[in-house]
Amino acid sequence: MPFFSIVIPLYNKANFILATLKSVSDQTFENYEIIIINDGSTDDSLSKIEALKLPKLTIHTQENKGLSAARNRGVALAQGQYVALLDADDIWTPTYLISMSKLIENYPNHQIFGCTYKESRNGCLMDIHTSFEAQPNQTSYVLDDFFSANYNQFIVDQSSLIFDRNFIKAHKFNEHIDVSEDVDYYLNYFSSKQIIFLNRPLMIKNYDDNDQLSSSKISEKRVPDLEHYKNRYSSNTSIQKYIDIQLYKLAIKYTYENNRSKRQKCMTQINPLHLSQKQRLLLKSPKWIMVGLRKLKFLALKLNIRITT
């Protein structure tokens, strides 16, 4: 039995998948299997992977069902003691798996493990900006309140999370949404769990800012039912704030698309006290200002400068 099952959902990532798989092959920890779920790719991703002939790799092809369905199928096929998620355009540093195996060894009674990461934007590596307060000379933490550490950028990414096999097999991803699958998963399952967090950036998340500017509209996608989670966690202040920040992010995206009804629905659910003064101001701003600020934000990112909103 492998120690890790690495589950990689694949949909049209021909420009990235070879680098992703190389980062797995470069791991100093070698007791793993790789499971790729080809979710109906229409580019040459599959042929590139097959040409590698990796001995620890199995490929399973299905019609396009979306990210969550691909992850769920990969998890169902996993034989390892722990399941490591990896998106097909992200990169692990060579010591990711060995570092996480040591983390698991140090916290044997826990089920969810994660580490921080860096972002790759236009060839430049950038640190993330989080609300997590690190302590001097400490790298590993037991997070009793996952949500208060994630008010800004998330301290973990789906590609930097590892789960006990039994946990993730019993707690599936929501296949009825097309976006923010991570937000939905955290809200559904992390409220009563301690997360073991390693504050070392051992994963690189790739962004194509040009693609983000021209990506399909959020209005056309199925988003998590945040109103449901607001009701479910009505007495949990930190989760309420976390949800309001996700609603704020959605409202801003609806502003870009001039979807006034969905924007207004988000705004009516938000407790403004959970937002910063800048966020409250932006939430009231017209589309032309928001579009201009967005272009400025992406221009700054190309110069390796982060403007937070």
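In which helix does Leu-299 lie? Leu-299 belongs to helix α12 (residues 287-302), where helices (H or I, at least four residues) and strands (E, at least two) are DSSP runs numbered from the N terminus.

This is a predicted model, in which local features need pLDDT of at least 70 and side-chain atom pairs count only at pLDDT 80 or more, while totals for chains, interfaces and linings use all residues. Residues are numbered from 1 along each chain as its sequence is written, and side-chain values use heavy atoms, with hydrogens and water left out.

Two helix pairs are set out below, with axes taken as lines fitted to C-alpha atoms over the stretch in contact and angles running from 0 to 180 degrees between N-to-C directions.

| Helix pair | Angle | Axes |
|---|---|---|
| α9 (residues 237-256) and α10 (residues 260-269) | about 160° | 8 Å apart |
| α1 (residues 17-25) and α2 (residues 45-52) | roughly 35° | within 10 Å |

With an angle of about 160°, α9 is roughly antiparallel to α10, a term for angles over 145 degrees. Contact (heavy atoms within 4.5 Å) joins residues of α9, including Leu-247 and Tyr-254, to residues of α10, including Cys-266 and Met-267. For α1 and α2, the contact is made by Ile-17, Leu-18 and Leu-21 of α1 with Ser-45, Lys-48, Ile-49 and Leu-52 of α2.

The whole structure holds 9 salt bridges, each a side-chain nitrogen of Lys or Arg within 4 Å of a carboxyl oxygen of Asp or Glu. Asp-90 and Lys-205 form a salt bridge at 3.8 Å, N to O. Asp-90 lies in the loop between β4 (82-85) and β5 (91-92) and Lys-205 in strand β12 (residues 203-207), so this pair ties together parts that are 115 residues apart in sequence.

How values were computed. Angles under 35 degrees count as roughly parallel, over 145 as roughly antiparallel, 65 to 115 as roughly perpendicular and the rest as oblique.
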